[in-house]
Amino acid sequence: MSSSRFFSWALKAYLLVFFVYLFLPLVIMAAATFNESRFPTITPWTGTTLQWFSALWADSGMWSSLVNSLMVAVGVLCLALPIGIASALFLTTVDGRGKSFIYALILSPLLTPGVIIGISTLIFWRGWGLNGGIALTVIAQSAFIAAYVMLMVAARLQRFDRTLEQAALDLGASQWQVFRRVLLPYLKPAILSAAVLAFLQSLENYNTTLFVAGYDTTLTIYIASKVRTGLTPAVNALALLMILFTVGLAMIYEFKRRREAASRPG
Amino acid sequence: MWQQLRRRFGVPLAVAIISLLGIWLIAMVLLPQWQMIDYSFHPSLLPSERGGVKDVWSLTNYATFFHNDIHLAIFLKTIWSSVLVTGLTLIVSYPLAYYLAKVATPGQAALCLLLLIIPFWINEILRTFAWYIIFAFKGPLNELLLALGWIDRPIRFLNGDTGVLVGMVYAYILFMVFPLYNAIESLDTNQIRAARDLGAGWGRTHRRIVIPHAKPGIATGCIMTFMLAAGSYAVPALLGSPGSRWFTQIIYNWFFEGGDWNQGAAYAFLLLVLCIVFVTVIMRVFKVGLGDIAK
């Protein structure tokens, strides 16, 4: 019994250390926003200020890269969502020879390093006269984000009761109506979560985007270049805003999930 | 396959599904990869020389790699460091995944999972940047160690690989915790209790019961972490120094500084082969299939 108590105590201590390790860097990064020091740090504390928020506000490069990022993310939604949904429908409908090969192909972008996806897209489309920029970034990011969409949609599709489709058909609905009125409404929650995930994945992507963005700098590329050249706590101010944004989103998501779980019978 | 699709969705939708899937797999996955490989076996030529007599298949780009001791060393270091990152991440994640799956109440587990996700919704650059602040020469870590009297003068953490390793473990932990958690969660808790009742200690219970059951999760986590670490550009670029370059940085330089895309394609293909070899080895060792990874 004593060894068991020791282990449960050790596990608790470990958890504490782990979550400190997880959050301390973010807290330090956020705290450095309010330090007057021209270089982002918390030691030494030279004075408390809000000036880095106004420096961020005045940074036109940040704004234009944010606009680029949002355009890419919207583009990715338009391309990766239909592809991911179609693949999920395909995989849950067909079986037979060749399916496992196609399944492996569909998953392969998830197991390919992001830089490779960027490089191969860059090389391929140069042959068609398309150079690095927003359009190419959308194509490259969608290549792997579509696979995430597929996984999320397929997970819900597998629990779908096919007799519902049969019933609708028997009652005289066309196949299109069945898809539009039965299947899509059933898939809506999965498609929405996939859209949120795809949007965030697109916004935060760096490795793939690095190769295909051309002169259309996205937000992550802009931040990375700032960290290496001309670093000021304005970057921290941006980080703090992004943390608040994500925490807010996470809380909304969690709140919705709990309400859904509570309303589901059983 | 076409028949099954048509019967369920009707011709127009079935055509749409096949086209979308086809465009994706052919124009966005297969052809670009093939083109990259094809590029890597051709010399770098001026646009006017393409398709001419000099445009032949050759292994020159690969010979360049194997004759360059520095690039070879960086390649090997990238492999070794990525394995190290993968191992460290596994060790750090296992107790947490076990706690989430078997010790915590459902409410505690949900809260912990939410806490875990938050840092990972913030992008990799900022997560890495946070460590850049901590590791700075006059940063909080050095100040703390000095104040405690453990060191006499500040350490340059950002010279060498320490910073890169710590930053990577931090950046990729979630990709290990989630597969592990899913795998351990499906283990029947009674098995653990039975092992304990039959007199197995904690170490033995984990070695003989929990870990064998969690194999697919361990394999998935290791594959994802290794792939992310070996293919990382942000972490070594921010936390490394010129002396601790990563293979991805060499690839980047061929493209955007050396201007030799064919050479860069060869290096990229080597990285891809490395990842494929790693995935294959892990799947063999742990005896898992692709289906287990996608969970």
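A nonpolar core, as the term is used here, is a set of buried Ala, Val, Leu, Ile, Met, Phe, Trp, Tyr and Cys residues joined through C-beta atoms within 7 Å. Keep in mind that this is a predicted model.

With that in hand, look at the largest nonpolar core, which has 163 residues. B:Phe129 and B:Ala268 have the most contacts inside this core. Its top contributor is helix H8 of chain B (residues 162-185), which gives 17 residues. If you click on B:Ala268 and set aside neighbours within four places in sequence, you'll find it in contact with A:Val115, A:Ile116 and A:Ile119 from chain A, plus B:Met36 and B:Ile251 from chain B.

That brings us to where the chains meet.

Now for chain B as a whole. It has 14 helices and zero strands. Its radius of gyration is 24 Å, well over the 19 Å that the globule rule gives for 295 residues, so chain B is more spread out than a compact globule. Its C-alpha atoms fill a box of roughly 75 × 70 × 30 Å along the principal axes. Of its 295 residues, 43% count as buried. Among chain B contacts between residues at least 6 apart in sequence, 71% join residues at least 24 apart.

Chain A, for its part, is divided into domain 1 (1-49 + 233-266) and domain 2 (59-230). The centres of these two domains of chain A, taken over C-alpha atoms, are separated by 28 Å.

Definitions and conventions. Residues numbered from 1 in each chain as written. Chains lettered and ligands numbered in written order. Predicted model: local features only at pLDDT ≥ 70, side-chain atom pairs only at ≥ 80, totals over all residues. Buried ≥ 20, exposed ≤ 12 C-beta atoms within 10 Å, placed from the backbone. Helix = DSSP H or I, 4+ residues; strand = E, 2+ residues; numbered from the N terminus. Contact = placed C-beta atoms within 7 Å. Domains from an automatic or database assignment. Rg over C-alpha atoms; globule rule 2.2 N^0.38 Å.
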